[in-house]
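The points below are meant to be read beside the coordinates, and each can be checked there in turn. They move from the single chain to the pairing of the two copies and end with local details.

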Protein chains: 2
Amino acid sequence: MKNIAVCLTPELIHLFDLKGKTVVVVDILRATSCMVSGFANGIEKIKPVASLEECKELGKNGYLTAAERGGQKVEGFDMGNSPFSYMDPAIKGKKVAVTTTNGTLAISKSIGAEHILIGSFLNISRVAEEVRKLDKDVIIHCAGWKGAVNLEDTLFAGALIELVQDAFEITSDDARMAFGLFAQHKNDLFKIVSNSAHAKRLEKFGVIKDIEICVKRDEFDILPYLASDELRA
Amino acid sequence: MKNIAVCLTPELIHLFDLKGKTVVVVDILRATSCMVSGFANGIEKIKPVASLEECKELGKNGYLTAAERGGQKVEGFDMGNSPFSYMDPAIKGKKVAVTTTNGTLAISKSIGAEHILIGSFLNISRVAEEVRKLDKDVIIHCAGWKGAVNLEDTLFAGALIELVQDAFEITSDDARMAFGLFAQHKNDLFKIVSNSAHAKRLEKFGVIKDIEICVKRDEFDILPYLASDELRA
């Protein structure tokens, strides 16, 4: 039986051997929720980049630019990190260059895995279906917040484990913790995520609506994945 | 109000500013449980060291030597990492040099804090009393397993937070997760710890009795702390 484990923050990813495995990257608030929303709304591809400079440079080459730092849209870029800006009909058929505080780092630190999938509550059943089909060991890579663990990504990890637990073995405490956390809060996800440290950080920017959408399950039947250095769906 | 946070593994301790803070180091299975048992049984002092060589060297200078690697006693040393070997009347008045896989590393990585206390279920109320008295921000530093998070140390963190929650503020998700995990399992600690990854590792060495003692609360009214490079109580 294949194994499913949880890397609670990118700071711990070096403890995992990625080779031959399926990695599911998750940044519920809000990078991967945005990416899933964007592909569902017709974005052609997304290029995750580390720096604001690279992002700006791609803007000169036909990309829309999306940049977030510390929870806020960076001035001078086309989009920030709200899923609603990824639902704008104007993005259809566009290429988007994205840089965020945590999510894009988790993607780049997942390189070396056999498959890198983009997960969020918005497409969780589709992700579950795919990891079953791929039938490799799975690492759920939580983006966290500046290296620290966070509730919302860990809850997603637990939710995904619940969906595939009949097909995968749980042998690590990280997976047990995530699974237990989700079991405890599955019926009040919005409430617990609204009380998370990151929700408190976002609160002052008035983005409670972002949180509401980010904890909705299966809004979109779409699966973004990394192909070379770009995301496609 | 002072803050209480949880560092889930020594791999994340660099994210915390230790200056002026109280750090509680915990390695339930089994380093800190052993240390607490040892002081309760009359050990004079414990010197935590990183390498087997340093430990052996101190053995030539009047120290008893205790060495564990990968869950097992290392051959050629006086003691391993079972709390029962720390309850032997022969240790009374002795100095012990200790090296373990995770616990001694967590202690050395806590250096820089104002106070470094040794926590376990065996002395949890005494630890709670002391962190209240010291009235500094608290970081509960879980030793984990080779860098990975573990259930038993996280459960201790949650239990300690429960004891002092009226006096400290919780603002980080790590503390929320630990507190939630403990709340979920407080009435079946032995059961969940027996199913942890580390318990499974220890199982083959027949140490279920060690786990039984390590989840007992308040067996000892003793508080080991780091003074310079040695532990005293």
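What percentage of the 233 residues of chain A count as buried?

1. The share is 55% of the 233 residues of chain A, where a residue is buried if 20 or more other C-beta atoms, placed from the backbone, lie within 10 Å of its own, exposed if 12 or fewer do, and partly exposed in between. This is a predicted model, in which local features need pLDDT of at least 70 and side-chain atom pairs count only at pLDDT 80 or more, while totals for chains, interfaces and linings use all residues. Residues are numbered from 1 along each chain as its sequence is written, and chains are lettered from A and ligands numbered from 1 in the order in which they are written.

2. The secondary structure of chain A consists of nine helices and eleven strands, these being DSSP runs numbered from the N terminus, with helices (H or I) of at least four residues and strands (E) of at least two. The radius of gyration of chain A is 16 Å, close to the 17 Å of the globule rule for 233 residues, so the chain is as compact as a globular protein of that length; the radius is taken over C-alpha atoms, and the rule is 2.2 Å times the number of residues to the power 0.38. Along the principal axes, the C-alpha atoms of chain A fill a box of roughly 50 × 35 × 30 Å.

3. Among the contacts in chain A between residues at least 6 apart in sequence, 78% join residues at least 24 apart, a contact being a pair of residues whose C-beta atoms, placed from the backbone, lie within 7 Å.

4. In chain A, helix α5 (residues 151–164) and helix α6 (residues 173–185) pack at an angle of about 90°, with their axes 7 Å apart; the axes are lines fitted to C-alpha atoms over the stretch in contact, and angles run from 0 to 180 degrees between N-to-C directions. That makes α5(A) roughly perpendicular to α6(A), the term covering angles of 65 to 115 degrees. Residues making this contact include A:Leu155 and A:Ile161 of α5(A) and A:Phe179, A:Leu181 and A:Phe182 of α6(A). By class, the contact residues of α5(A) and α6(A) divide into ten nonpolar, three polar and one charged, with Ala, Val, Leu, Ile, Met, Phe, Trp, Tyr, Cys and Pro taken as nonpolar, Asp, Glu, Lys and Arg as charged, and the others, Gly among them, as polar.

5. In chain B, the axes of helix α5 (residues 151–164) and helix α6 (residues 173–185) come within 7 Å and cross at roughly 90°. The contact of α5(B) with α6(B) has ten nonpolar, three polar and one charged residues.

6. At the interface, 21 residues of chain A are in contact with 21 residues of chain B. The elements of chain A that give two or more residues to this side are α5 and α6, and α6(A) gives the most, with seven residues. The side of chain A that touches chain B holds nine nonpolar, eight polar and four charged residues.

7. Most residues other than glycine have a negative phi, and most peptide bonds are trans.

8. A:Lys146, although not a glycine, has a positive phi of about 50° and is found in the loop between β8 (138–142) and α5 of chain A. With 14 C-beta neighbours inside 10 Å, A:Lys146 counts as partly exposed.

How values were computed:
Parallel < 35°, antiparallel > 145°, perpendicular 65-115°, else oblique. Contact = placed C-beta atoms within 7 Å.
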